[in-house]
Amino acid sequence: MLNIQTHQEGNASVVTIQGKVNFEVTAQLRDVIRDTVTTHQPKLMVINLEGVTFIDSSGLGLLVAARNSVDKNNGKLHLCGLPAQVKKTFDQTNLTNYFSIFATEQDALRGA
Amino acid sequence: MSKGIVLVVDDEAQIRDILGFYLKRAGYQVLTAENGNEALEVMGKVQPDLILSDLRMPGMAGDEFCRIIKGGPETRDIYFVLVSAMDGSATKIGGLNLGADDMIAKPFHAQEVMAKVESAFRIIGMQKEIKRQNLELTGFQDRMTTELAIAARLQMGLLPSLPGAAPGFRYTHRYLPAEGIGGDIYSIVPLVDGSLALLIADVSGHGVTAALISAMVKTSFESHVRPGGNPLSWAVGMNRDLARNTLSEQFATAFLARIDPSTGAMQYVVAGHVGPIHIPNGAQGGLHRPHVLAGHGFMLGIEEDLPFEEKSAKFDHGDRLVLFTDGLVEVEREDRKLLGEDGLLRLCAELPQSEEAASDFLVNAAKSFNDPAPFVDDVTLVILDRV
């Protein structure tokens with residue numbers, strides 16, 4: 001089961017994802033991210049992955065696409081709360097060096 | 001052209017005549033019968049769209065006739081209206097329970113009957129339209145299934161043919177797409193200088209889109225290896241091809257290698273792909289110490305100009321390489337335990353000697369890890385032995 005929630009923190013949009021991120025749910029997640037970008041045009045988007053139990057290549061693709069769409073709006077994408085399993089996938093695919101990754105949501109919002 | 005065919009069944013000639021007159025005037029073709037038996041006889045020649053049948057008739061009565069019509073696979077879709085006095089022996093509910101589509105109470109006004117007939121024909125028209133659309137959809141689905149089957153055969157044709165042999169090497173594969181057609185691909189190309197170029201890749205997503213991109217990945221790989229070069233230059237070229245030609249969500253994990261059989265030197269690039277398993281002396285079967293060819297790197301196609309890293313290793317005579325896509329190890333048991341790369345590594349410690357037997361062993365072991373659930377992702381396994 002996938003659970004997605006969004007909220008605003010000042011000029012930043014925070015998307016919290018919980019559950020298994022795979023091929024079956026990417027459409028749902030893509031819609032949420034697109035709507036958030038269109039509605040709020042955030043200067044900073046934070047995606048909190050703390051509750052993600054599994055992410056496959058479709059999920060990674062979605063995060064890359066999210067970065068591209070936030071970039072296009074001159075915004076920044078910060079990821080936070082990567083669980084060990086997800087961190088491993090990020091390391092294997094070098095995405096650790098592609099995204100700005102923070103330990104906590106607070107850190108990601110501060111950008112520090 | 002009549003608006004449709006109505007069969008009027010009544011033992012009273014007067015009623016048949018009145019209904020027949022109004023129906024013909026409204027543009028319908030009319031058939032008549034005195035009872036159920038005669039009606040069935042008439043229907044042996046012409047199938048009506050609508051039946052208006054009296055309930056009480058000598059010979060076969062209306063209820064029995066209705067049951068026969070609604071029980072026959074050829075006739076049950078004919079709209080059936082029972083005409084009867086509602087005097088206790090027949091109720092509307094009773095008639096509908098027989099399977100009749102509607103009832104008209106006797107005595108009736110001809111206009112009431114005509115209104116019912118018109119509304120029945122509207123429903124008949126809609127039913128015919130639904131049937132036609134259904135047929136069209138089924139036809140469409142059949143064509144899609146056929147097309148997919150052809151595409152799947154074509155995709156199988158993109159794989160190296162078996163039994164696989166290149167100077168100094170033997171190999172085999174198992175290719176199990178999750179949806180008939182999938183995003184996994186591999187390629188083995190002997191180069192002019194005698195070395196071997198090797199690719200295994202897994203395109204994000206499933207189905208037709210992934211399959212199209214997988215064909216692109218293979219073409220890109222083969223065009224970059226022909227002039228020579230090394231896995232690093234191949235990865236950079238393929239990354240550029242994919243970044244330019246696919247959407248931002250689409251990319252491929254890949255492992256690329258070049259093995260020189262004269263020296264046993266292997267160079268490789270891991271592009272976000274699960275590291276293959278190298279088994280020194282593994283081609284002889286038996287107990288060995290497998291290890292993962294370590295490395296990490298970006299997937300191909302995220303963005304142009306991302307850096308890749310090339311590594312080197314030894315691949316000696318009698319060594320075995322087990323290449324796979326993550327679908328093989330991402331099998332999850334009910335207790336949520338994954339087979340994982342560690343699990344596969346353990347299985348690789350003691351493999352049968354022949355590539356074929358070793359492939360079957362690994363696929364079956366991965367499958368039985370979550371028996372009887374099928375693999376959810378595309379699965380590709382390649383076993384390459386240096387002779």
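Modeller: Let's start with S7(B), which pairs with strand S18 (residues 379–386) of chain B in the antiparallel sense over eight bridges. Pairing here takes at least two bridges found by DSSP between two strands. The elements themselves are DSSP runs numbered from the N terminus: helices are H or I with at least four residues, strands are E with at least two. Within that pair, B:Phe169 has B:Arg386 of S18(B) as its bridge partner.

A quick word on what you're looking at: this is a predicted model, in which local features need pLDDT of at least 70 and side-chain atom pairs count only at pLDDT 80 or more, while totals for chains, interfaces and linings use all residues. Residues are numbered from 1 along each chain as its sequence is written, and chains are lettered from A and ligands numbered from 1 in the order in which they are written.

Back to the strands. S7(B) covers residues 169–176 and is joined by three bridges to strand S6 (residues 164–166) of chain B, again running antiparallel. B:Phe169 turns up here too, as the bridge partner of B:Ala166. S6(B) and S7(B) make a hairpin with two residues between them, and in that turn B:Gly168 has a positive phi of about 90°. As a reminder, side chains in a regular strand alternate between the two faces of the sheet.

Elsewhere in chain B there's a helix pair to look at. Helix H2 (residues 36–45) and helix H3 (residues 62–71) of chain B have axes that come within 9 Å and cross at roughly 30°; axes are lines fitted to C-alpha atoms, for helices over the stretch in contact, with angles from 0 to 180 degrees between N-to-C directions. H2(B) brings B:Gly36, B:Ala39 and B:Leu40 to the contact, and H3(B) brings B:Gly62, B:Glu64, B:Phe65 and B:Ile68. Contact means C-beta atoms, placed from the backbone, within 7 Å.

Zooming out, chain B holds nine helices and 18 strands. Its radius of gyration is 36 Å, well over the 21 Å that the globule rule gives for 387 residues, so chain B is more spread out than a compact globule. That radius is taken over C-alpha atoms, and the rule is 2.2 Å times the number of residues to the power 0.38. The C-alpha trace of chain B spans about 105 × 40 × 35 Å along its principal axes.

Chain A has four helices and five strands, in the order β-β-α-β-α-β-α-β-α from the N terminus. With a radius of gyration of 13 Å, close to the 13 Å from the globule rule for 112 residues, chain A is as compact as a globular protein of that length. Its C-alpha atoms fill a box of roughly 30 × 30 × 20 Å along the principal axes.

Finally, the two chains meet through 13 residues from chain A and 15 residues from chain B. On the chain A side, helix H2 (57–72) and helix H3 (84–92) each supply at least two residues, and H2(A) gives the most, with seven residues.
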